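Reader: I have not looked at this protein before. Could you take me through it in questions and answers?

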Amino acid sequence: KLEGLKTIAVTTNGINLARLLPRLKEAGLNAINISLDTLVPAKFEFIVRRKGTGLSSKATVHSLLTDFRCLLFLQVNCVVMRGFNEDELLGFVDFTKDLPLDVRFIEYMPFDG
């Protein structure tokens, strides 16, 4: 912990979050931004090119909120991509409506000019 810091945050896709969170909490972590562009496990694996995440489970997100009350802020960022996940917007709203977190829908901005 560094003197004078009020917020220590991390942005993650959540793959290793459950494993690393206890140590991050000890280090003073109190805010998390989770990049979650889909609630469909197969689509998530395609995006991150790795198998497995439990973050599409409402129970897992709720567990993060209750087990790690140190968090001042938990936010989910969702990049909306035409033809990939735009059909999931209402699902994200439903997924997060009863959870004490913010969800932000971010416009996809390709880097190919």
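The questions below go from the overall layout to single contacts.

Reader: What am I looking at, and in which order do the elements run?
Author: This is a predicted model. The protein has four helices and four strands. Read from the N terminus, the order of the elements is β-α-β-α-α-β-α-β.

Reader: How much of the protein counts as buried?
Author: A residue is called buried when its relative accessible area is under 20%. Of the 113 residues of the protein, the share that counts as buried is 33%.

Reader: How do β1 and β2 run, and what is the hand of the unit they make with helix α1?
Author: Strand β1 (residues 9-12) and strand β2 (residues 31-35) are joined by four bridges and run parallel. One of the bridges has T11 with N33 of β2 as its partner. Together with helix α1 (residues 17-26), the two strands make a β-α-β unit, and the hand of this unit is right-handed.

Reader: Where does I34 lie, and how far is I34 from T12 in space?
Author: I34 lies in strand β2. Its relative accessible area is 2%, so I34 is buried. In sequence, I34 and T12 are 22 residues apart. In space, their C-alpha to C-alpha distance is 5.1 Å.

Reader: In which sense do β3 and β4 pair, and through which helix does the chain cross between them?
Author: β3 and β4 are paired over six bridges in the parallel sense. At one of these, V79 has I106 in β4 as its bridge partner. The crossover from β3 to β4 is a right-handed β-α-β one, and the helix it passes through is α4.

Reader: Which residues of α4 are buried, and on what arc do they lie?
Author: In α4, F92, F95 and T96 are buried. They are on the same side of α4, because the arc they cover around the axis is only 80°.

Reader: Why do residues three or four places apart in a helix point the same way?
Author: The reason lies in how an α-helix turns. Residues with that spacing point the same way because the number of residues a turn is 3.6.

Reader: How many salt bridges are there, and which residues are linked in a network?
Author: A search of the whole structure finds three salt bridges. One of them is between K97 and D94, at 3.2 Å from N to O. The residues linked in a network of salt bridges are K43, D87 and E88.

Reader: Is E88 buried or exposed?
Author: E88 also forms a salt bridge with K43, with the closest N and O atoms 3.2 Å apart. E88 lies in the loop between β3 and α4 and K43 in helix α2, so the pair ties together parts 45 residues apart in sequence. D87 has 60% relative accessibility and counts as exposed. With a relative accessible area of 8%, E88 is buried.

Reader: Over which ring does the charged end of K43 sit?
Author: The charged end of K43 is 5.4 Å from the centre of a ring. That ring belongs to F84.

Reader: What kind of aromatic pair do F46 and F84 form?
Author: The whole structure holds two aromatic pairs. In the pair of F46 and F84, the centres are 6.2 Å apart and the planes are at 40°. F46 lies in helix α2 and F84 in the loop between β3 and α4, so the pair ties together parts that are 38 residues apart in sequence. The kind of pair is tilted.

Definitions and conventions. Residues numbered from 1 in each chain as written. Predicted model: local features only at pLDDT ≥ 70, side-chain atom pairs only at ≥ 80, totals over all residues. Heavy atoms only, no water. Salt bridge = Lys/Arg side-chain N within 4 Å of Asp/Glu carboxyl O. Buried < 20%, exposed > 50% of the residue type's maximum accessible area, 1.4 Å probe, protein only. Arc of directions from axis to C-beta. Phe/Tyr/Trp six-rings, centres within 6.5 Å; stacked < 30°, edge-to-face > 60°. Lys NZ or Arg CZ within 6 Å of the ring centre and 35° of its normal. Pairing = 2+ DSSP bridges. Right-handed = clockwise from strand over helix to strand, strands pointing away.
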